[in-house]
Amino acid sequence: MTLAVNNQSIPSRPRGGSFRRDLIGVAVIAVFAAAGYILFPDNLALLTRILAVALLVLALDLVTGYCGVATLGHAALFGSGAYAAGILSAHYGINDPLLMTLGGIVAGAVAGLLCAVVMLRAHGLPQLVLSIALIYLFHELANKASSWTGGSDGLSGIMPDPVFGVYEFDLFGHTAYFFGVALLLIAFVLLRLVVRSPFGMLCRGIKEDPLRIRAMGASPNAALAKMYVISGAVAGTGGALSAISTQVVALDALSFTQSAEALVMLVLGGTGSLFGALAGTLIFMLFEDYVSAANPFHWLTMVGVLLIAVVLFAPKGIYGTAAAYFTRRGEANR
Amino acid sequence: MSPVFEVANLKRSFGGLVVTNDVSLSMAPGDRVALIGPNGAGKTTFVNLVTGNLPPSSGEVRLGGETVTRVDAIGRVRRGLVRSFQVTRLFQDMTPAEHVGLAVLQRDGRAGRLFGRFLNMTEVMAEVSELLEKLGLAELAYRKVREIAYGQQRLLEIAVALALKPKVLLLDEPAAGVPQSDTGRIEQALADLPPDLAVLMIEHDMDLVFRFAKRVIVLAAGTIIFDGLPADVTKDARVREAYLGNYANASHVA
């Protein structure tokens, strides 16, 4: 009690580190985006699709990687965003891509809250089953409400206006691609802030021991619901991007398969890291595209083998394992 | 002084088995009370009833004059009833600085903030370093908890509890599992607890109890059989019978 307060008593950490890593992250995304644009000018549709799915995987990482909630129904949030953006355009004539994206964000957040209310009542395996039930319900709802969603034929008639009234969505997908890169960069920067904020720290605590968090006077479920809403907004952005860029929304956007693939991509890249989520998406989707073209009959086998190899030999995911390796080397060389 | 913490006629039964039977006690700010009792006396159930993790069959719990019997565990923490755990429950991948920082932010209602970094919040860091310094953990501030010794983890448990600025602190065997060489550090930390804090310590180690407590409560078969001065506890016939038999006969009791 008599000890003098001394602010310098605990060694201060290097402060600039995280900000520098943010800049590096933004630069890496920009370089990859530019490289994709230059190397695959005829395949911008695929690259834009990767951007949209990357937003879904980032969103999944928030609840699974940062909070420890395993879910096989996260495409419900993505699909809600896609349908919201699509319905705004196809049924209400709201064609401004920014407003459509906003619609996707709001719908994704609402879907996220809905999923949280149901899923957070359970833990572990029952929770996983609830997530599967939810994605089937969302899927079935979209299927049955065919006057709104086009049902199994998909929702068409989406005609986004030019971005800022200037950049038209062209046949080659240039505008859609840059629109997607911009959305991903914005989401990435905002999420970097969130994951190292006090709230991000609270969520890491919840992931490790929710009971301990309760003993500190915080409600794990309230925090998780909040994270679900944030995650829904991010996934909804991805959904909206998908609707705007392809100008259709198919039931696949809201499917169990899409949810499971997102989880596979996340595990492949490495959970609990935004870079891991991005790396996993990129690797999985490029691999899928390349291998399915090279060997249409056995590509799924190869994806399976790749996944088994990663889970067995690099359980932290490709990015996670590489990052751990370089950290160790960095420490050894110091 | 008016009591900061009161338990009145608390009762809990599981089926036909009465585990906590008509327990009443009251504590004032600054009290140092040890709760002891043989295995199966109902200490754990009592802690769960008091912290709100288990609803009582009947009876009341009051905190600072307010009846909190219907308030859940989180609400009781926010009203100033904080506990430490018998087996440390810390976040293995987080640092001591993060633990204390999170507790400080949570206490101030800022743990939900979506921006900023506690490492850059000077007033939070001032508190973090003061607490870690006080408990001798300053040098380990940025190590992961999994890398620090168990005795230091116990100290960190106390730091986290203090960061929540409790009115009543429940210490569940604060020295359990700590090697003899490190218990001195923990006793020092207990001696340095804020003087106006009411502390209820549940402990098996009688040496620690006698050094720390100004008052001892003995729980046996769900009822309080003794509530008085440490000096009198070994003289009490019922206590000897129920619990202390062997110890009271041992030579080194003062």
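In chain B of this predicted model, strand β3 (residues 32-36) pairs with β9(B) in the parallel sense over four bridges. Strand β9 spans residues 215-220 of chain B, and five bridges also join β9(B) to strand β10.

**Strand β9 of chain B and its partners**

- Strand β10 (residues 223-228) of chain B runs antiparallel to β9(B), and B:Phe226 in β10(B) is the bridge partner of B:Val218.
- Two residues lie between the strands in the hairpin of β9(B) and β10(B), where B:Ala221 takes a positive phi near 50°.
- Side chains in a regular strand alternate between the two faces of the sheet.
- In β9(B), B:Arg215, B:Ile217 and B:Leu219 are on one side and B:Val216, B:Val218 and B:Ala220 on the other; all are buried, and both faces are covered.
- Because six of the six residues of β9(B) are buried, with under 20% relative accessible area, the strand is largely enclosed by the rest of the structure.

**Open sheet of chain B**

- Four strands of chain B make up an open sheet with antiparallel pairing, in the order β2-β1-β4-β5.
- Its edge strands are β2 (17-27) and β5 (66-67) of chain B, each of which pairs on one side only.
- Strand β1 (residues 5-14) and strand β4 (residues 58-63) of chain B run antiparallel and are joined by five bridges.
- Opposite B:Glu6 stands B:Arg62 in β4(B).
- Helix α1 (residues 43-51) of chain B lies across β1, β2 and β4 of chain B, at about 120° to β1(B).

**Helix pair in chain A**

- Helix α2 (residues 44-64) and helix α12 (residues 274-294) of chain A pack at an angle of about 140°, and their axes are 9 Å apart.
- That angle makes α2(A) oblique to α12(A), since the roughly antiparallel class takes angles over 145 degrees.
- The crossing of α2(A) past α12(A) is right-handed.
- Residues making the contact include A:Leu46, A:Ile50 and A:Asp61 of α2(A) and A:Leu278, A:Thr281 and A:Asp289 of α12(A).
- The contact residues of the two helices divide into 12 nonpolar, one polar and three charged.

**An exposed residue in chain B**

- B:Gln180 lies in helix α6 (residues 180-191) of chain B.
- B:Gln180 counts as exposed because its relative accessibility is 67%, where the cut-off is over 50%.
- From B:Gln180 to B:Gly151 the separation is 29 residues in sequence and 9.6 Å in space, C-alpha to C-alpha.

Conventions:
Residues numbered from 1 in each chain as written. Chains lettered and ligands numbered in written order. Predicted model: local features only at pLDDT ≥ 70, side-chain atom pairs only at ≥ 80, totals over all residues. Heavy atoms only, no water. Pairing = 2+ DSSP bridges. Contact = heavy atoms within 4.5 Å. Axes fitted to C-alpha atoms, helices over the stretch in contact; angles between N-to-C directions. Parallel < 35°, antiparallel > 145°, perpendicular 65-115°, else oblique. Left-handed = near helix turned anticlockwise from the far one by under 90°. Nonpolar A, V, L, I, M, F, W, Y, C, P; charged D, E, K, R; others polar. Buried < 20%, exposed > 50% of the residue type's maximum accessible area, 1.4 Å probe, protein only.
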